[in-house]
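Take a look at the model below. We start at a ligand and then move to a pair of domains.

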Amino acid sequence: MSLLKIEGLGKSYTADKQILKNVNFEIKAGEFVSIIGPSGAGKSTMLRCINRMVEFNEGKIIFNHQDVGSLNNKELRKLRTNIGMVFQHYNLVPRLTVIENVLHGRFGYKTTLQGVLGRYTEEEKERAFYLLEKLGIHEHAYKRCDQLSGGQQQRVGICRALIQEPKLILCDEPIASLDPSSSKVIMDHLKSISTEMGITCLVNLHQVEVAQHYSDHIIGLNKGEVVFRGEGSELSAEQIQKIYETNTKDLIIE
Amino acid sequence: MSLLKIEGLGKSYTADKQILKNVNFEIKAGEFVSIIGPSGAGKSTMLRCINRMVEFNEGKIIFNHQDVGSLNNKELRKLRTNIGMVFQHYNLVPRLTVIENVLHGRFGYKTTLQGVLGRYTEEEKERAFYLLEKLGIHEHAYKRCDQLSGGQQQRVGICRALIQEPKLILCDEPIASLDPSSSKVIMDHLKSISTEMGITCLVNLHQVEVAQHYSDHIIGLNKGEVVFRGEGSELSAEQIQKIYETNTKDLIIE
Amino acid sequence: MEASYIRRTKDGRIHIKSGSKGDQVVRWTLIILLVLTVVGFLLFNYTGLELGSAIAETAYNLKVMFLEPTLSHFDLGEAVYQVGITLGLAFLATIIGAIIAFFLSLMVATNLAPAWVSRIIRIFVAVIRAVPTVLWVLIFAISAGLGSEAAVLGMLFHSIAYLVKAFSEGFEEVDKGIFEALKSSGANWWHIVRSGVIPTTLTYLLSWVFLRFEINFGVAVAMGAAAGAGGIGFELFMASGFYFDLREVGFITYSILIIAFLLEVISTRLKRRYFPATSN
Amino acid sequence: GGNDVAEVDDVIKVVWYPNESGQDIKSSREEIGRLISEATGKKVEHQLTTDYAIAIETLVNNNADFAFLGSQSYIQAQNRNDAIRTIAVRSGESGTLDDAKYYSWLAVNVDEQDKYKVNGEFSLDTIANTKFSFVSNSSTSGFKVPSSSIIAHFAQQEKYANLTEEDLMEGGPLFSQVLFGNSHQGSAVNLLTGNADVAAFCDTCVEDYVEIAEGDENTVGAVYRVKDGAAEPFNAIAGKEFTLMNATPVLNEPFVVNMDLIGQEDFDTIQNLLTSDEFANNEKIFSPEGSEQAALFTKKDKERLIAVEDEWYDPIRELSK
Amino acid sequence: MNEKAMRKSRWQTVIFLLIIIVLTYLSSAITRFNFVEGMATIPEAIGWIFSNLMVTQESMDKLPKILEKLAETIFMSIAATTIAAVISLFLGLFGSKTTKVNNFLSVFARFIASVSRNIPVVAWSLVLLLSFGQNSVTGFLALFIGTVGFLTRAFIESIDEASQSSVEALTATGATYLQIVSKAVIPQCLPQILSWVLFMVETNIRNATLVGILTGTGIGYTFDVYYKMLNYNAVALVTLCIVITVIIVDLISNYVRKVIL
Ligand SMILES: Nc1ncnc2c1ncn2[C@@H]1O[C@H](COP(=O)(O)OP(=O)(O)OP(=O)(O)O)[C@@H](O)[C@H]1O
Ligand SMILES: Nc1ncnc2c1ncn2[C@@H]1O[C@H](COP(=O)(O)OP(=O)(O)OP(=O)(O)O)[C@@H](O)[C@H]1O
Ligand SMILES: [Mg+2]
Ligand SMILES: [Mg+2]
């Protein structure tokens with residue numbers, strides 16, 4: 001059963017440049033899918049079309065049997081509530097505490113007034129602590145986010161996405177700003193989210209090996225077009241070269 | 001023939017803490033000497049005592065047969081002219097051009113008025129361009145310094161020190177803010193300054209291997225005391241441990 | 001052989017300036033300011049000016065003011081009360097101004113409001129700022145009658161304009177990522193303002209409000225008097241314009257100075273203690 | 001302009017001009033307020049301002065009920081709002097309207113008086129191209145009266161035929177420089193310190209500071225001397241003398257009301273109050289001569305308030321035409 | 001931070017708000033301010049503006065005179081700002097931690113800045129008027145004094161901000177104090193300094209209205225004359241001229257700031 005289906009997706013910010021061209025793919029519920037591709041290929045744009053943070057021009061996105069393109073404002077908020085998002089730079093509110101940042105994930109379920117007054121139910125708070133504990137950062141719950149390390153901040157970001165109780169989590173280069181050991185912690189957590197909690201993950205990645213190691217499927221994007229779609233093991237050196245348009249040797253340097 | 005001789009040097013900023021204690025060493029003309037030691041050991045203070053950017057409390061510094069401690073204001077300027085200095089954060093004037101920053105090195109030779117009016121002779125300008133070319137950054141001569149990369153800025157810093165026609169160059173962690181490849185470029189340049197131009201170099205370093213690789217002699221500083229003095233090859237794991245007061249294993253991680 | 005990267009003047013001397021647009025603009029701005037200053041001095045109307053005696057007299061007046069301050073037309077309690085009124089006027093104008101400015105600047109910040117709304121309010125605010133405060137006070141004295149309403153409303157306009165500019169710049173510096181993150185969790189505009197914008201800018205906003213309070217105190221001295229709301233400025237005006245009592249002027253000046261100093265000290269203390277990271 | 005909803009309410013707002021806003025005559029203001037309040041049973045609120053225009057506009061725009069204005073300001077106010085009416089005016093020493101006036105002076109320094117004489121007589125012709133000091137451009141005796149006599153005088157000369165009031169406000173065709181003292185005292189000081197050659201101010205406004213040294217009061221040629229120990233701003237110029245080249249009588253200032261706000265009934269009540277004997281004998285308002293207590297008015301003889309019709313001010317109205 | 005600390009910070013917020021509310025109440029009480037009444041008059045005020053503050057043909061006749069006075073004010077503001085900037089630059093250098101000559105001068109500079117900034121311009125105007133009389137110099141001086149105070153404080157901050165590092169580097173080359181100041185400190189702060197100066201020119205033109213009213217000079221005096229004659233059409237024209245001037249100066253300085261920063 002496909003959770004997300006993308007058909008003939010096209011997007012251009014300006015008239016002269018097409019960022020995404022006729023993108024087609026499907027993702028099943030519970031899958032862990034990575035998108036790889038060179039800088040500027042359109043990975044971030046792709047992700048943002050799915051929850052309409054960016055409006056797309058052509059094609060169709062079907063999420064959970066809903067036509068994403070046709071939603072009105074209210075339905076759109078509901079859609080976004082169903083889709084969590086994790087960012088490269090974590091995008092936490094730095095002066096607020098960890099727990100407050102996590103609870104921001106509940107906004108989609110709240111009226112304006114509840115949100116503005118900061119009214120959260122006890123269950124929501126319990127749930128937030130549960131998630132923080134699961135990701136091993138409960139002891140920092142009352143710290144301000146800007147006092148945490150990058151890896152810890154990213155885990156707060158993941159908690160914020162999880163508390164939305166989403167069906168899908170979109171991750172835009174979640175480990176690009178992290179050191180190798182924190183990266184591993186984060187990727188392991190993401191993987192367990194998809195395997196243990198059954199939440200679908202769609203992750204933009206720069207590192208081919210990481211993608212191969214963690215993903216059920218990999219999508220290779222180049223200049224806005226899908227040039228590869230398959231399992232990690234199917235990704236040959238040629239195909240990598242096709243995606244990145246450069247030598248494998250030069251690439252693996254890092 | 002020793003260019004610099006330090007005898008029983010002592011320094012404290014505040015009454016309760018002695019930063020340098022009875023430091024003794026000698027440096028010959030043309031040598032390349034590194035000072036290593038943990039953070040707070042007093043490396044920077046040591047360097048700044050030599051050109052009296054910091055006033056020392058005890059002992060004697062003899063530079064080029066002059067007693068540094070006894071100089072009056074005018075003689076001090078002359079001394080500083082003879083000693084170039086290179087900084088971790090380059091310390092350039094960001095809004096001025098590269099060539100202007102290099103020419104700042106000539107102030108010691110000028111009257112106040114000449115300096116304020118920015119009167120430089122054609123020879124000085126030619127010399128500045130010659131040095132920039134030697135360090136491979138002549139094509140940026142008219143760029144503003146803040147438009148250069150770290151490695152390029154450090155080379156401007158070195159040019160500024162060289163145009164002073166100094167007998168000694170003091171470098172305070174010249175590569176601590178640079179990436180590995182720029183670091184190599186800078187260290188190679190410093191080395192060639194001492195070998196080709198015969199200018200003595202005294203360099204504070206954090207990386208033991210770098211110090212070992214480039215230096216004629218190494219001075220190990222711990223809590224303001226010289227705990228090692230010898231060639232790089234003589235530096236054993238125990239001695240490193242003595243300098244850094246920590247395990248070699250933990251140290252080499254980086 | 002001449003290396004091509006060296007730039008020379010016609011007579012063969014080497015340039016050391018880049019001659020960029022920024023440098024040119026700096027140079028010309030300085031030159032124009034200097035020229036206008038010189039022209040200004042040439043055009044000034046000097047009638048009735050006798051510099052020597054004027055300076056001597058000023059020195060004498062300042063001496064009387066600052067070395068022999070006394071109160072003759074009212075007592076210390078009254079002085080404290082009048083200072084209190086001035087502070088009150090300044091405080092009201094600041095606090096009401098800050099609240100209104102906060103909402104307006106939400107509509108001005110380009111990352112929170114549509115461009116056209118932002119532009120309209122910007123122009124509006126620029127015009128308001130350019131109208132002299134005295135005129136605002138007059139207008140409100142006429143419509144609201146003499147009293148604190150006229151003073152506060154008259155001062156309010158400039159406070160709003162000033163704070164809108166400062167606040168909206170603060171809002172515009174909020175990280176785009178925060179907006180994106182909150183939006184993607186289904187937050188609406190108010191949620192974003194409440195949980196993203198306010199927490200990240202609060203200390204910045206407060207430090208501007210403090211600054212404006214200091215400014216408003218100075219303004220309230222003059223405007224409280226004109227608007228019939230009283231305050232220490234009224235006494236100052238009477239002392240200098242009607243009684244010609246320099247000693248009293250001196251006393252009043254001291255009391256104003258003391259308050260101004262106190263405000264400055266308090267605000268730096270507060271900033272340092274509670275908002276150490278205000279230097280954005 | 002004005003409030004759309006001008007109606008009689010139970011508060012009487014009294015607006016005071018800067019001249020009468022001082023702390024020293026606070027007791028006079030309060031006393032008048034108290035008496036009005038007692039007579040009408042309404043609450044009285046005092047409003048003080050340092051700005052003449054604001055004071056006038058407040059009255060004109062139905063934000064004040066009652067005021068004590070200069071006669072010129074009263075005319076200005078009435079031009080903008082017909083409901084402004086005089087209610088009473090201070091009499092002269094005789095207790096009648098006959099001498100209900102004070103004098104607007106044009107004064108010059110004694111030492112320089114010869115410069116302003118033609119054939120031994122003071123002549124206005126001589127004030128062309130001098131430095132002139134007025135009080136403020138809303139002052140009756142300190143601007144309006146002297147400026148209209150100056151304009152009337154010079155209008156006969158071809159060169160100054162088109163002279164306007166505005167021209168007299170800045171250095172221009174007639175004067176080399178125009179100063180404003182912002183008070184009558186200030187204008188006098190401008191003259192005595194040499195900042196101005198000729199100054200306009202009124203007799204009563206400086207009577208505390210100067211004494212007659214030669215001649216009859218309020219006559220051309222009379223010489224006045226600054227008293228020894230005169231208060232500021234005259235303290236530094238004690239003993240200096242000036243002489244009058246012109247003295248024009250000016251009608252006393254009226255108490256005025258805004259009829260839209262006060263209503264005929266209260267008008268009558270207040271008018272009765274103001275013109276009563278008790279009011280004239282109230283030492284908080286009319287301080288007896290030589291009394292330490294400062295008050296709004298001083299009583300030398302039979303001074304009192306007298307009801308007056310608007311027409312009484314027609315001479316001043318003429319000046320404004 | 002634990003939960004207790006977080007409660008504490010929440011309490012702090014509540015107390016802070018309470019203090020604000022109490023202060024607002026006290027301020028309203030002492031000044032007899034009625035918020036609702038005040039706000040209710042805004043529509044009327046706007047009505048008054050549109051019925052009285054209109055530029056008429058008659059007032060246009062006064063335009064040449066107004067423009068002449070406006071020019072005087074602009075020159076006065078620029079002259080006051082430029083001269084003040086020169087003096088403030090020295091005071092700023094003395095007052096800054098990076099470039100201070102000695103402690104006495106540093107305290108002196110900060111003292112001058114504080115006093116001249118904190119004494120209200122009203123007080124200065126009145127004092128100066130007493131002895132300098134009614135001419136451009138009085139207005140110039142009143143603006144000048146306030147400007148010195150403001151600019152010195154701003155310059156001290158700008159110079160402090162300009163990195164200490166280049167000062168250190170030039171000291172190490174054997175440069176003299178003046179060389180360091182002219183080649184390291186000033187080039188670095190110049191854009192900041194210039195930006196403050198332009199800001200001050202604009203502010204001074206605005207302040208010149210008040211100063212002019214008090215000292216009888218420039219456009220402020222013209223404003224005052226018409227205002228006291230209750231000639232609101234001319235007042236409107238004067239205001240319009242000031243508004244346009246301020247906006248033009250603002251645009252110019254925004255442009256310059258954009259290019260140089
Ligand atoms: N808001 C925007 N307006 C205009 N062009 C944009 C915008 N956002 C992105 N682009 C352009 O779209 C293209 C694809 O950008 P995108 O960020 O999707 O690439 P990416 O694959 O995520 O790259 P990276 O690995 O660097 O993050 C780029 O050429 C970029 O310049
Ligand atoms: N200006 C100063 N006033 C007071 N103490 C100082 C000052 N400068 C340095 N210190 C103190 O002197 C000690 C030695 O400092 P120094 O900068 O010389 O160490 P370092 O070896 O260069 O360290 P790092 O590797 O971190 O640069 C430190 O404890 C420091 O806190
Ligand atoms: Mg991207
Ligand atoms: Mg160091």
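B:His206 has a side-chain N or O atom 3.4 Å from an oxygen atom of ligand 2. Taken alone, ligand 2 exposes 630 Å², and the protein buries 60% of that (Shrake-Rupley accessible areas, 1.4 Å probe; for residues, only the protein chains shown count as cover). This is a predicted model: local features need pLDDT of at least 70, side-chain atom pairs need 80 or more, and totals for chains, interfaces and linings use all residues. Residues are numbered from 1 along each chain as its sequence is written, chains are lettered from A and ligands numbered from 1 in written order, and side-chain values use heavy atoms, without hydrogens and water.

An N or O atom of the B:Lys17 side chain is 2.8 Å from a ligand 2 oxygen. For B:Ser44, a polar side-chain atom lies 2.6 Å from an oxygen of ligand 2.

Now turn to chain A. Its domain assignment gives domain 1 (1–82 + 168–176 + 198–254) and domain 2 (90–165), with bounds from an automatic or database assignment. Eight residues from domain 1 of chain A and nine residues from domain 2 of chain A make the contact (heavy atoms within 4.5 Å). The C-alpha centres of these two domains lie 26 Å apart.

What do domain 1 of chain A and domain 2 of chain A bury between them? The figure is about 620 Å², with 46% of it on carbon and sulfur atoms (accessible area, 1.4 Å probe, lost on putting the two parts together, summed over both). A:Arg77, A:Thr81 and A:Ile169 supply 64% of the area that domain 1 of chain A buries against domain 2 of chain A.

Conventions: Polar contact = N/O pair within 3.5 Å; in protein donor to acceptor, adjacent residues only side chain to side chain.
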